[in-house]
Amino acid sequence: MLEPLLSVGMMYRLIVLNGAAAGQRWTIPTNGAVIGRAADCTVQLADPEAAARHAVVEFEDDALRIRDLGSMNRILVNRREVREAKLKHGDTIEIGLTRLLVEAHVQAEVAEASGPRARRRPSRAALAAAAIVLVSLIALAVRGSRSRPSAPPKTQSAEKVAPAPTPTPAPAPPPPPVAELPPPPSPEPPATVAEPPSPPVVSPSAAAPDLSPISEEMRRLREDLASLREAVAERTPPGAEPPAAPPPPDPALRMIEQARVEIAAGRLSEAEKLLDGILVLDPNRTEALAERAAIEERRGLIKRAIERWRKMAEGDFPESDRRRAAQELRRLRAVEAERAAGESGIRLADLRLVKFVAPEGVAELRTVHARLERAADAPPPDPDDIELEVFFYERDVETGAVELSSAVAPQTVRLEGPWTDAAPRSIIAAYRVPLEGRPGEGSARVFHGYVARLRVRGRVVEQRARPPDLAALAPEDTP
């Protein structure tokens, strides 16, 4: 009997999500695909930011991977820069200005081996066409049997019988043989199937048509289906279920991608509607929160963007999302400080930390020198409106924990005297630890760094931290 062979595999496609080529797709061949601008690339992009041969997508151990081919520009997978990464269904790839979606689907083929040479098993479409032809033949045979007359008609043979030479009636000719159905068609039906001629009329005493060829073909079809099920079961590991179709794409992800397209086109209001719709259903969708904060920053609403990133940094989100939110917080606070400094005309030009030999009765002495500059066209400020707020931090030698100093409280120092000319001015804050400030010699806490804030009329116009990571530990701005 024919032995079926089953070939089941996961196929992948790349679909363009943005730009003039949105909707264009490529199926990744088994030997991989090169992505780039060159004409010989499997996935050719009309993108000036893409390299001629930018990246390659290839199969490794039944998994799809992308690898940079040494391009000057970067590759982003799910908005994270990579040189090489494993891909799965639903991932997004950014090459240059083009965004691509990875889509997976299952492909299965069944073949049979007959003797030394193997041939393909007829496809489902071919089997279905053969079944239709067989049913048509059965219907024609049944229709012929029902159309017999009630009275036995004059019998006639396949060929015309010559009249008898004498008026004596000749004996009735024997009944014609029982009509046989044509042999079953081949598995591949012809382009057009001619309707077979009507079967000859047979006598009532003739036997019913022999339908054994049709029954044999139906039996073969049932055996083929059973063999196909057995082949699938053999290829499936014990305890595992047959491969299922990949899940449908996430609707929210499609909405986010559409919102990014609207943002790139400058249609911020349309993007906001899409993102707000997602956040109504899922308030903790990090991709939507991040895009919403980016729109607010683009509109100049820095405080709103800072508040959104702050909630993400302090909320119940994955660690990677919280780290990203903390980085965006530091960046936006610096942007806000620069904007405020530009409005006041006063900026923090330089900060220096100086350590002194501790005098008698002092365990440690350091000073922070801040040099302030004023724009030439800015009016002379009120000295009482200018303040430098400094927070000192210490590190526990045993645990490595960094906390606000327990020996020196935060200091606020003001500018002394009027500032009528354009020359820079200095403000100094002191980190002075008395001997009784720490319990005994060899204390487990040592100086680690500081955070300095310049305030003008009660508003923070600039903030600096040494080392820079202390900015994340600084207390909230409370003017």
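A salt bridge is a side-chain nitrogen of Lys or Arg within 4 Å of a carboxyl oxygen of Asp or Glu. Glu 272 sits in helix α4 (residues 268–281) and Arg 299 in the loop between α5 (286–298) and α6 (302–314), so the bridge ties together parts that are 27 residues apart in sequence. Helices (H or I, at least four residues) and strands (E, at least two) are DSSP runs, numbered from the N terminus.

The structure is a predicted model, in which local features need pLDDT of at least 70 and side-chain atom pairs count only at pLDDT 80 or more, while totals for chains, interfaces and linings use all residues. Residues are numbered from 1 along each chain as its sequence is written, and side-chain values use heavy atoms, with hydrogens and water left out.

The predictor's confidence in each residue, from 0 to 100, is called pLDDT. Its average over the chain is 76, and 67% of the residues score at least 70. Over residues 150–166 the pLDDT stays under 50, and the model has 2 contacts (heavy atoms within 4.5 Å) for this stretch beyond four places in sequence. Residues 176–181 also have a pLDDT below 50, with 8 contacts beyond near neighbours in sequence. Where pLDDT is low, the predicted coordinates should not be read in detail.

The chain as a whole contains 7 helices and 20 strands. Of its 479 residues, 34% are buried; buried means under 20% relative accessible area, exposed over 50%, and partly exposed in between (1.4 Å probe, protein chains only).

A search of the whole structure finds 35 salt bridges. In another of them, Glu 257 meets Arg 99, with the closest N and O atoms 2.9 Å apart. This pair links distant parts of the chain, for Glu 257 belongs to helix α3 (residues 251–264) and Arg 99 to strand β11 (residues 98–114), 158 residues apart. Both Glu 257 and Arg 99 are buried. By contrast, Arg 323 and Glu 319 both lie in helix α7 (residues 319–344), 4 residues apart, or about one turn of the helix. Their closest N and O atoms are 3.8 Å apart.

Asp 47 is buried yet has no salt bridge, and the nearest side chain of opposite charge, Arg 37, is 6.9 Å away. For charge, Lys and Arg count as positive and Asp and Glu as negative; His and the chain ends are not counted. The residues that Asp 47 touches, leaving aside those up to four places away in sequence, are Arg 37, Ile 95, Gly 96, Leu 97 and Thr 98.

Aromatic rings come last. Rings of Phe, Tyr and Trp (its six-membered ring) pair if their centres lie within 6.5 Å; planes under 30 degrees apart count as stacked, over 60 as edge-to-face and the rest as tilted. The count comes to 3 aromatic pairs. Tyr 12 and Phe 59 form a tilted pair, 6.0 Å centre to centre with 50° between the planes.
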